[in-house]
Amino acid sequence: MYANVLIPLAIPGSYHYSIPQDLEEKIKVGMRVAVPLGSKRFYTAVVIRIDQLPPEGVKEIKPILFVVDEVPLVSSDDIAFWTWIAKYYLCTEGEVLRTALPSALLPESHTEVIANPEYEASEPLPCADLNILDLIIKRGKESLSIAEIQKSIGRPALPSFLRLVKSGAIQLKEELNIRTKGKHEQTVALADSLAEDEMLLMKQIDLLHRAPKQQKLLQKLIALLDSQDIFPHGEIPLRLLCGNNANEATTLRALIRKGILIRKERLRKLTKTVGSVFPTSPLNPKEKIILPEGVSVHYQESIKRKEFFLEQQISQTYAEGKQVLLLSPESQYPPSADSLTERLCLRYGDRCQLYSSRQTASQRITLFQQLAQQDIPVVVIGNRSALFLPMKRLGLIIIDEEQEYAYKQQLLAPRYHARDAAIMLGQLKGAKVLITSETPSAETLYNMSIGKWKNLLQGEEQPQPRPIDIETVNMKTLYRQRRLQSDETISPQLETAVKSILEKGRRVVLIQNRRGYGMYVKCKKCNNSLCCPRCSVSLTYHKQSEKLCCHYCGYEQLLPYICPSCGNPNREELQPYGFGTERVAEEIKKLFPQAQILRIDSDIAKSKKRLETLLNQIETGNVNIIVGTQMMAALPIWHDIDLIGVINLDSILAFPDFRADEKAYQLLYQLAIRSSFGVKEGNTRMILQTNDPQNPFIEALSLGDYRLFIEEQLQERQACQFPPFTRLTTVVIRALDRSVVSNVARQFATIINRNLPHELITDIHTPDIERIDRYYIRQIILRRPTFMNSNAERQAIIAAYNELSISVPDSKKCKIHFDVDAI
């Protein structure tokens with residue numbers, strides 16, 4: 001027999017390995033196996049098919065080393081989903097596998113590990129494991145790769161490695177300070193002889209009449225097994241049998257010594273639901289909607305009504321014994337006391353799980369394995385990566401706030417969009433898909449208008465225009481009249497408004513969509529900016545750390561004492577220009593020294609504990625002014641907000657993107673909606689600081705008619721042949737040499753124009769930031785008419801790529817990827 005496996009590498013296709021005879025009964029599709037690749041490396045692969053005959057034309061087939069799992073980790077539906085993503089988003093299935101599974105579940109020969117200083121063994125380790133652990137401990141803080149371990153001990157190290165990871169004895173280097181084992185628990189079961197013979201069990205109970213505590217604990221175990229319909233061969237968690245009772249723990253040890261009971265260990269299972277009650281729903285019986293099959297859209301501007309509707313649909317699906325997957329931007333942040341996430345967790349207990357970057361590797365691995373091994377109703381709340389969880393009874397997928405651009409993976413393959421991928425996953429698993437938002441994307445509203453997706457709210461139920469109280473401030477006039485200095489950004493109008501709100505004891509939010517202190521630093525003597533050595537972009541100054549940072553490649557350096565361009569030794573002449581959140585917070589503190597001011601941006605959010613502390617401070621009311629970037633829109637901070645100040649509207653609208661106005665409208669309109677729910681009288685006031693107060697965008701925003709705004713946007717896009725009337729695929733070519741990338745881009749453009757004569761193909765485009773992390777970039781954008789089959793475009797792109805690889809030697813010096821449905 002032969003196994004066809006996926007290896008988590010960016011290599012096309014799959015690989016065949018022979019199945020040793022002693023493993024033929026164990027291996028199943030969806031299991032992980034350890035396989036060699038090349039002469040020295042091995043990888044953890046996933047079996048996608050089992051064949052009786054070897055592939056044709058292959059002389060030598062290497063054997064599988066061993067099987068990692070006892071039960072399949074993923075199903076055939078999950079594998080089909082991976083295949084679709086790889087095909088549609090023009091990447092390899094290995095890249096999809098690398099995204100789908102937590103990295104600790106895919107160890108490989110160059111995976112580096114370090115000893116876990118907090119590890120305490122619950123039982124003696126096998127000699128092979130102990131030798132490897134001793135070797136790692138001797139290296140101290142230095143990490144070791146599995147290949148190095150293997151070389152040192154002279155034999156395969158992966159079996160021991162997997163056991164040590166599972167026990168928590170070692171940690172992956174990329175996940176230091178994170179426990180990488182799934183959460184396991186101690187369990188208690190009847191000895192095999194007693195489980196097989198009920199008469200012998202009854203006799204044993206009678207024999208314990210002189211040890212009443214032992215007899216009582218044994219009867220308690222039997223009752224627990226019986227209540228869960230797993231008597232006599234099941235296991236009961238030690239925490240349920242003994243809890244924190246030290247006397248019962250002592251009694252248990254006596255029963256184990258006598259051979260009546262045995263102690264085991266297993267992956268912690270999801271328990272039964274915790275009975276908590278939802279608040280009374282404000283929905284009328286008429287509004288209680290049965291979702292149709294396929295894709296539905298719930299476009300509702302009332303956040304509370306939307307959340308109650310979601311609770312209703314989740315409850316109904318759960319009652320049917322099915323699983324629910326809720327994708328939400330809020331899963332990235334700590335939930336507030338009255339958030340939907342918190343209410344779901346209270347109601348469903350352990351049956352409501354979170355899966356995002358906020359969870360530790362241990363928590364993510366545990367949930368992945370629990371879902372693979374248990375077939376029970378569960379509610380999972382997560383980010384886009386939660387789509388890859390092995391949910392066997394998936395009944396409903398919810399994409400909340402579907403317009404959020406965090407749903408599109410952009411940096412690494414697969415560059416998938418969670419909304420579109422969720423729709424395909426729903427088709428493969430027979431699950432309904434529900435899209436919700438207060439400001440749906442233009443694509444979603446268009447698909448509703450043509451009947452492709454079902455609109456759940458009709459007629460009077462649909463959102464009505466909500467005019468916004470907007471005041472504009474002409475910053476250009478203020479600077480020209482010298483009513484505002486060049487190093488100031490808070491206008492007198494905004495200052496007066498903030499003062500008025502603070503006197504009422506209410507809060508103010510100030511939005512500046514740039515983090516840091518100054519956007520760039522310039523020498524007054526030579527007039528040159530300090531730039532990133534790896535990118536064609538200025539370094540951003542962060543005053544608190546006195547560092548210059550590149551927000552594209554992560555390069556950092558301290559603010560120099562001497563100008564690197566002209567050698568000017570006067571550090572004070574290296575001046576920051578532009579305004580980031582750090583500088584805005586500093587200026588507002590000077591104006592209102594008594595006010596409690598908080599800054600929230602991605603620099604702050606890097607520390608989960610610090611973000612939680614700030615959110616708790618906001619919730620307790622110890623904050624007057626909040627300064628931050630657009631990430632605040634997803635945070636629970638909108639109570640008692642009476643004023644929203646946009647420091648620089650032009651910077652929000654200035655992105656070279658045909659969706660820039662749509663993104664800005666969604667951001668500001670949602671801020672107005674969310675803050676208005678906590679306003680005692682009228683609506684939240686909004687002050688927009690801009691150099692162009694006549695911009696049509698401002699008038700459209702003040703009308704508060706989101707649907708009308710999107711209709712006008714769609715008319716413009718149709719005239720210019722932009723999505724949703726075409727589908728965009730961006731070909732991105734990168735190389736360390738500018739002449740090489742330019743030449744390869746020209747050659748690829750020639751080939752693709754020949755292969756796709758009916759598509760609108762742009763000229764070779766040099767992005768505004770030409771060089772990122774040492775690589776020069778060129779782009780070619782393909783616009784596929786909606787009537788054209790995507791398979792034809794895909795085949796033409798692959799053929800062009802293959803031809804380029806053969807005919808243009810310089811292409812081997814380039815990195816080429818394809819961003820399908822680019823945003």
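Which side chain meets that of Arg571 in a salt bridge? Glu546 does, at 3.8 Å from N to O, and the close-ups below take in this pair and several others. The model shown here is predicted, so local features need pLDDT of at least 70 and side-chain atom pairs count only at pLDDT 80 or more, while totals for chains, interfaces and linings use all residues. Residues are numbered from 1 along each chain as its sequence is written, and side-chain values use heavy atoms, with hydrogens and water left out.

**View 1. Arg571 and Glu546 join two loops by a salt bridge.**
A salt bridge here is a side-chain nitrogen of Lys or Arg within 4 Å of a carboxyl oxygen of Asp or Glu. Arg571 sits in the loop between strand E24 (556-558) and strand E25 (574-577), and Glu546 in the loop between E22 and strand E23 (547-549), so the pair ties together parts that are 25 residues apart in sequence. Helices (H or I, at least four residues) and strands (E, at least two) are DSSP runs, numbered from the N terminus. Glu546 is partly exposed, with a relative accessible area of 39%. On this scale buried means under 20% relative accessible area, exposed over 50%, and partly exposed in between (1.4 Å probe, protein chains only).

**View 2. Two further salt bridges pair Asp with Lys.**
The structure holds 31 salt bridges. In one of them, Asp657 meets Lys663 with the closest N and O atoms 2.8 Å apart. Asp657 is partly exposed at 23% relative accessibility, and Lys663 is partly exposed at 30%. In another, the closest N and O atoms of Asp810 and Lys813 are 3.6 Å apart. Here Asp810 is partly exposed, at 24%, whereas Lys813 counts as exposed, at 54%. Elsewhere, salt bridges with shared partners join Lys306, Asp400, Glu401, Glu438 and Arg674 into one network.

**View 3. Four cysteines carry a binding-site annotation.**
The "binding site" annotation comes from an unreviewed UniProt entry and covers Cys532, Cys535, Cys550 and Cys553. UniProt positions are given in the numbering used here, feature names are shortened, and annotations may be inferred rather than shown by experiment. The four are spread over 22 residues of sequence, yet they cluster in space, with a largest C-alpha distance of 8.8 Å. Cys532 lies in the loop between E21 and E22 and is buried, at 4% relative accessibility. Leaving aside neighbours within four places in sequence, Cys532 is in contact (heavy atoms within 4.5 Å) with Val537, Leu539, Cys550, Cys553 and Tyr555. Cys553 is found in the loop between E23 and E24. With neighbours within four places again left aside, the contacts of Cys553 are Cys532, Arg534, Cys535 and Asp773.

**View 4. Cysteine sulfurs are present, but the count of disulfides is zero.**
A disulfide is taken as a pair of cysteine sulfur atoms within 2.5 Å. For Cys550, the closest cysteine sulfur is that of Cys535, at 3.7 Å, which is too far for a bond. Cys550 is buried, with a relative accessible area of 4%. For Cys814, the closest cysteine sulfur is also in Cys535, 18 Å away and too far for a bond. Cys814 is buried too, at 12% relative accessibility.

**View 5. Tyr517 and Tyr541 meet edge-to-face.**
The whole structure has 18 aromatic pairs. The rings of Tyr517 and Tyr541 have centres 5.9 Å apart and planes at 80°, so this pair is edge-to-face. Tyr517 belongs to the loop between strand E20 (507-511) and strand E21 (520-523), and Tyr541 to strand E22 (residues 540-542), so the pair ties together parts 24 residues apart in sequence. Both tyrosines are buried. Rings of Phe, Tyr and Trp (its six-membered ring) pair if their centres lie within 6.5 Å; planes under 30 degrees apart count as stacked, over 60 as edge-to-face and the rest as tilted.

**View 6. Tyr669 and Tyr706 stack between two helices.** The ring centres of Tyr669 and Tyr706 are 6.2 Å apart, with 10° between the planes. Tyr669 is in helix H22 (residues 660-676) and Tyr706 in helix H24 (residues 706-720), so this pair links distant parts of the chain, 37 residues apart. Tyr669 is buried at 1% relative accessibility, and Tyr706 is buried at 1%. Ring pairs link Tyr665, Tyr669, Phe697, Tyr706 and Phe709 into a cluster.
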